Amino acid sequence: MPTRPPLPVALAVAPALAIAVLAAPVGFGLIATVLPAFGWFPALGGETLSLAPWRELLATPGLWRSAAISLAAGLLTTAAALAAVIAFVAGWSHTRAFRAIQHLISPLLSVPHAAAAFGIAFLIAPSGWLMRLVSPELTGFARPPDWLIVNDPWGLAMMAGLLVKELPFLFLVTLAALPQVRSHLHVRTAASLGYGRIAGFVLTAWPLTYPQIRLAVFAVIAYASSAVDVAIILGPTRPAPLAVRLVEWMNDPDLAMRFKASAGALLQLGLTATAILLWVGGERIAAVLLRRLCRSGRRFRREGPARLAAAAVVTAAAAAVFAGLAVLALWSFAGYWSFPDAVPRTLTLDIWRRELPGLTRPLAVTVGIGLAATALAVAIALACLERESRTGERVRGRSPYILYLPLLVPQVSFVFGMQLAFLLAGIGASILAVVLAHLVFVLPYVLLSLSDPWHALDPRYARVAASLGAGAGLVFWRVRLPMLAAAILVGAAVGFAVSIGQYLPTLLIGAGRWPTVTTEAVALASGGDRRVIGVYAFVQMLLPFLGFMIATLVPAVAFMRRRDMRPAGA
Amino acid sequence: MPMFFRLFLATCLGFVGASGAWALDPSDWPAILAKARGQTVYFHAWGGARNINDYIAWAGDQVKARHGVTVVHVKLDDTANAVAKIVAEKAAGIDAAGSVDLIWINGENFAAMKRRDLLLKPGWAEKLPNWRHVDWRTKPTILVDFTTPTDGLEAPWGMAKLVFFHDTARGLAMPDSFAELVEWAKAHPGRFTYPAPPDFMGSSFLKQALIESAADRSVLAEPAVEGEFEKATAPLFAALDTMHPHLWRGGRTFPKNKEAMRQLLADDEIDIAFAFSPAEASNAIANGELAETVRSFVFSGGTLANTHFVAIPYNAAAREGALVLADFLMSPEAQLRKQDPAVWGDPTVLDTASLPAEYRDAFDRLDLGVATLRPAELGPALTEPHASWMTRLEEEWTRRYGVAN
């Protein structure tokens, strides 16, 4: 084995830097949550360690029901979304319908959760748009029926709201992983043995694909079991899911509630961990069942209903979000619009005229912070991956979960402490602090979306280049980077979208000095005016959408004459 | 990683920081003005209403032009986020260069911040030049905020009174007391609801109901004690038990806040909504959020009244600038503009009779808007119970109704 040339410093320190950027804020954030959970927070008069916050927490009425709802939401929505994605990918890959839906579903990623939830709430409420469409003509309702649909006690509306956002994410992650495992070859073999499309895929390609997307699935469980925005809009209220109550306690005017809120944040952390552990248990069971199924030799060729169901679920999810957004857009032009009118009686540009002038600075700040955080994240991610390629050590192999900590730990449980860490470091409220805070959430997503395509790149290209005399640096700049340009741009677009979505970190760590489209949107949305929400949902969606568009168009144009460099489907 | 180590130590051991007293005297106003010039005041205030945001922007322009003080409105969805910021700064030992200079506040938040020494001391509000017009004689809630003495730690900004509103086009007779409201709800199943406590508006509704239904109102001014609380609230909870099955969604869910409740009125899901701002309905009509036919009403026996304030955190960086802004917000000019329904419609804290003739006449001439009751029509003011009642009420409500059976 020839001796390796020494690594450039930037590459040598990259993994440590990545871990510091990610783990330090989360770690300090957690410490600053753990201590108050045991009564220690001198600024609020807590100077002895005690179990009082826990006693108070456990005495909260309906606590376990809140926890159970969160746990169920985390597991059920993930399972349903994943099942739909598997069945759809397995049953429809390489069909025209598949490509159509694929194009339809990608923009869904850029829709902010809260906007999607708002749209759906207005769609399905008894006074909502669907009911207005058919009232009073078909239903006879001159006023909305008193039906409990939104905020139902079982959390079904909330789960639907979570599902429609998880589906596109898992779908795109799965699509990215498929080429690496050469799924079509396995499926073809299975088909030649007489298996149906879905069975063939699930028995051959899926066991190879799943490990690639497992982290993303965990991230979805963590998100769904601790979501606040969607749960507030669509979720049950008596009691609300744990994360919602946690934020209420955190925001209670009685500052002593923060001790209980901290204990609750740890409970939330435990709950999310439990959800993931239960999921891992489920994985084992599923693996056993799959092996049995495999040995049974059943071919499952009558799969028509399953295929149709999968297509129906995926299409319905996309349609719900689009319809919700469409009615929100309609709201942004509406005058007074009451039940049962299906469209507003008067249309006006007033709201847009009023809101747009105030948006210039927030837009500039949003783009600036987003670009800075994304550029840093892409640079760190590329340095980490390039180091792996040169040394053969895998960062992920050594410390996989540390890098994904911010995705797995519920945000509410460490953002307050993170703010404290930034203050103690002496960089509170600066734009640098805000960019770093965003980096904590952007970097894992960029790593997540970049590492798979990176590892999928055939290493023989680099070897060929080296044999032609190219040094490691030249290989990186002239071979790997251009070949992965499309994937890097998509990763950057994902990171940019994540940065734009940040509310609490921007507000708390930036001390309100850096208003973004999102901080403005959340503040204004608290006034409850659907028309303002419509305007901001659009603006909030526009930026990530532009990001994704650039990520698709640039490689398509740049590689116009190089068919194999173009991203699939472009 | 020495920095991380330092951080760790500070996180584990630290959180110490004394609230410093303050040398400059607001009575020496020229000195304050001189020091304030060039400062930037970060005013943390709820940002959910465009008209209020515009008003704050206007006030900022005025103090910039007159006193060279720059005002930045930090728009919040919840005041708690500003309080959280101050708490974190105190924990980090940032006792002088805090990031919040002025905060829009009242009631529970004020009581909590005062108790935790998070406000600038000693009291300054009563030393401001424009204090001389403030009507603290006939508006007792200016000196006592939810039974907590203000001690000059917050400057009054506007008056609030509980008003109900409904759409007159629906042709329904409205109740005139909490007891009548319970009967009304029974007669109109599914058409009334209130925000779930501990939402501010929901808790305020409970307090209104408690004051009306308590056999002996005098106990409410004192801290709630065991026994008294159960006795005083028994009629209230009996009435709620009767009313809840007849509420919107059968009382199985409640709107999150007053904004959600107002939207339900607009969507024709309910028939009555309420708010703390007498101009709420007029503003919502002007904004296209409610029908033109919506009108306000109060209970003839009186409704809750209180005051909202601005306060300066103990560690504010631009405290002189904050004083200048707080004083301007109390000025006849700013208060007149604020009461104009075309701008905001928030009732003044000033004694308009004591003002120079031009302002007095201007206040009298204000057209308050179609759905706003004149000051004389707002009915008697009920004072807030002691803050401990609210805490206990919220706990008891959550215990009884927070978890569906």
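I began with the secondary structure of chain A, in what is a predicted model, and I counted 26 helices and two strands.

Next I looked up the overall dimensions, and along the principal axes the C-alpha atoms of chain A fill a box of roughly 75 × 60 × 50 Å. I then compared the radius of gyration with the rule for a compact globule: for 570 residues the rule gives a value near 25 Å, and chain A has 25 Å, so the two agree.

I also noted how much of the chain is buried, and found that buried residues make up 54% of the 570 residues in chain A. Turning to contacts between residues at least 6 apart in sequence, I saw that 80% of them join residues at least 24 apart.

For the domains, I wrote down that the assignment gives domain 1 of chain A as 1-35 + 349-570, while domain 2 of chain A is 68-348. The centres of these two domains, taken over C-alpha atoms, are separated by 24 Å. Where they touch, domain 1 of chain A contributes 32 residues and domain 2 of chain A contributes 40 residues.

Which helices of chain A each supply at least two residues of the side of domain 1 that touches domain 2? I listed α1 (9-37), α14 (350-355), α18 (405-408), α20 (431-456), α23 (485-501) and α26 (530-558) of chain A. The largest share of that side, 12 residues, comes from α26(A).

Technical notes
Residues numbered from 1 in each chain as written. Chains lettered and ligands numbered in written order. Predicted model: local features only at pLDDT ≥ 70, side-chain atom pairs only at ≥ 80, totals over all residues. Helix = DSSP H or I, 4+ residues; strand = E, 2+ residues; numbered from the N terminus. Rg over C-alpha atoms; globule rule 2.2 N^0.38 Å. Buried ≥ 20, exposed ≤ 12 C-beta atoms within 10 Å, placed from the backbone. Contact = placed C-beta atoms within 7 Å. Domains from an automatic or database assignment.
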